[in-house]
Amino acid sequence: MNSTVLQRMASGDVAAVRECMDRYGALVWSLARRLSRTAADAEDAAQEIFLDIWRSAARYDASRGSDKVFVATIARRRLIDRLRKKGGEPPMEPPEALESIAWSDPATEPATAIDASHAARALQELRPEQRQVLELGLMHGLSQSEIASRLSMPLGTVKSLMRRGLMRVREYMNIEIEGVAGRADG
Amino acid sequence: MAETGPQKEPDEAMLDLLIKQVSEGLSPEEQRELDVLDNEVASAYARDLEHAAAAISVAGTGEPEPMPQALRARIEAQLEAAMAASAASGAAARNAHSSTDGVRSSTVRSIGAAPRPQSRSTAGWWAAAACLVLAVLGWLRAPLGQGPGTAPTPAQQLNALLAQPGILQIQLDMTAEPAAAGAKADVVWDPRTQQGVMRFVGLKPNDPAQHQYQLWIFDGDRDQRYPVDGGVFNVPPTAGQVVVPIHAKLPVQAAKAFAVTIEKPGGVVVSGLEHVVAIGKAG
């Protein structure tokens, strides 16, 4: 059903809009809130993201990942682009006010976002400082320099932790998906 | 991702650039650096890392926060209109392109810099109506993120803009639409803040129950088939000069052209550009 929403959006089925909002509205809004400097920015970003989703829907390929991660990819591109253009503006919340992330439980994650479930499992295996750096960078939108400042770490250490952490998640996701594909073939 | 990773490993410098790209974006210098390195390995890793970052984002969203109803309604309307217009509109797209392509004769000049080559004629018709500056009626949709009662009047906005250095004054071309007969219009635009106002004299008064005028901004960073909605406005029967603040509903990075259309009451999210009354190019 879920990939069908994107396919129907791509084919211009106006009736799919509400279903698209039902399925992705909260995800996009949550990402926009986290990665925008102000509430008004988040609203503007959400509008742009949904236009991007419609324009990109035809490119969705279920064999390459879940629809939710596809949508999150589009959302992140737009949000990062907006953050860069807004450059030196202060964040919506001071760094000390950042909430800790409630990571989804891989055991209960719906099968429709299986790649997100693999990512959550991979995160559990990371060193705490690797997970913390990825959380601040990817979930709270802090730059590597801001993370270094916040954690009183050298910038090189932040880069190294992020590099190793994200590469580990990437490897884990590839292994898991190959494993799933292998089991399905067998 | 279903495909296996690339066989060749990227070096640390390339990885750092790729990871920065997916976590916070690259500066133009860093992007050029990556472009030099760019090859099959970089592309494959960029795709994988972006996918991993997005998967982490979904995993970390947990119980997502519901989108506000008003915003959801706005986005639904925007999407439905965009899809409907796209479906109907090979013609609309062609109209949009031809409209923006056809504004080469518009005049752009910098206020406060060199003397204006057309100052006598334009000053004449603007001065003739200067005492009749009217606040524009009928803004049906407030600009995003702006609270009521906080905005300056159109005349105040115009004066504030005119006091800024480097402001552009863009003469609009009036079309053959009956409503545009004998009218004149221009845009005062601040390219640094991407904000401005439109001024009209002689535009035919409208019945808001039948139709409204709507402003559009063609942003160089966006698909030219979908100009940014700049707000709707009315021209009262007794209006002389009408000053209309441009309230872009989406951020404008680089305005390339401006247009005014006649639309149904309340305006539209995506215009077919079937009734363009004025258009002008920003350089």
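This is a predicted model: local features need pLDDT of at least 70, side-chain atom pairs count only at pLDDT 80 or more; totals for chains, interfaces and linings use all residues.
Within H1(B), the buried residues are Leu15(B), Leu18(B), Ile19(B), Lys20(B), Val22(B) and Ser23(B).

Helix H1 of chain B
- The helix covers residues 12-23 of chain B, and because its 12 residues should span 16 Å at 1.5 Å a residue, the 16 Å between its end C-alpha atoms agrees with that expectation.
- Just after H1(B) comes Gly25(B), whose phi is positive, at about 85 degrees.

Contact between chains A and B
- Chain A brings 64 residues to the contact, and chain B brings 47 residues.
- On the side of chain A that touches chain B, at least two residues come from each of H2, H3 (39-56), H4 (67-86), H5 (114-124), H6 (128-139) and H8 (155-185).
- Of these, H8(A) gives the most to that side, with 11 residues.
- Sorted by class, the side of chain A that touches chain B holds 34 nonpolar, 14 polar and 16 charged residues.

- Ala16(A) counts as buried because it has 23 C-beta neighbours inside 10 Å, where 20 or more are required.
- When neighbours within four places in sequence are left aside, Ala16(A) is in contact with Val5(A), Arg8(A) and Met9(A).
- Between Ala16(A) and Thr4(A), which are 12 residues apart in sequence, the C-alpha to C-alpha separation in space is 9.0 Å.

Key. Residues are numbered from 1 along each chain as its sequence is written. Chains are lettered from A and ligands numbered from 1 in the order in which they are written. A residue is buried if 20 or more other C-beta atoms lie within 10 Å of its own, exposed if 12 or fewer, and partly exposed in between; C-beta atoms are placed from the backbone. Two residues are in contact if their C-beta atoms, placed from the backbone, lie within 7 Å. Helices (H or I, at least four residues) and strands (E, at least two) are DSSP runs, numbered from the N terminus. Ala, Val, Leu, Ile, Met, Phe, Trp, Tyr, Cys and Pro count as nonpolar, Asp, Glu, Lys and Arg as charged, and the others, Gly among them, as polar. The expected span of a helix is 1.5 Å times one less than its number of residues.
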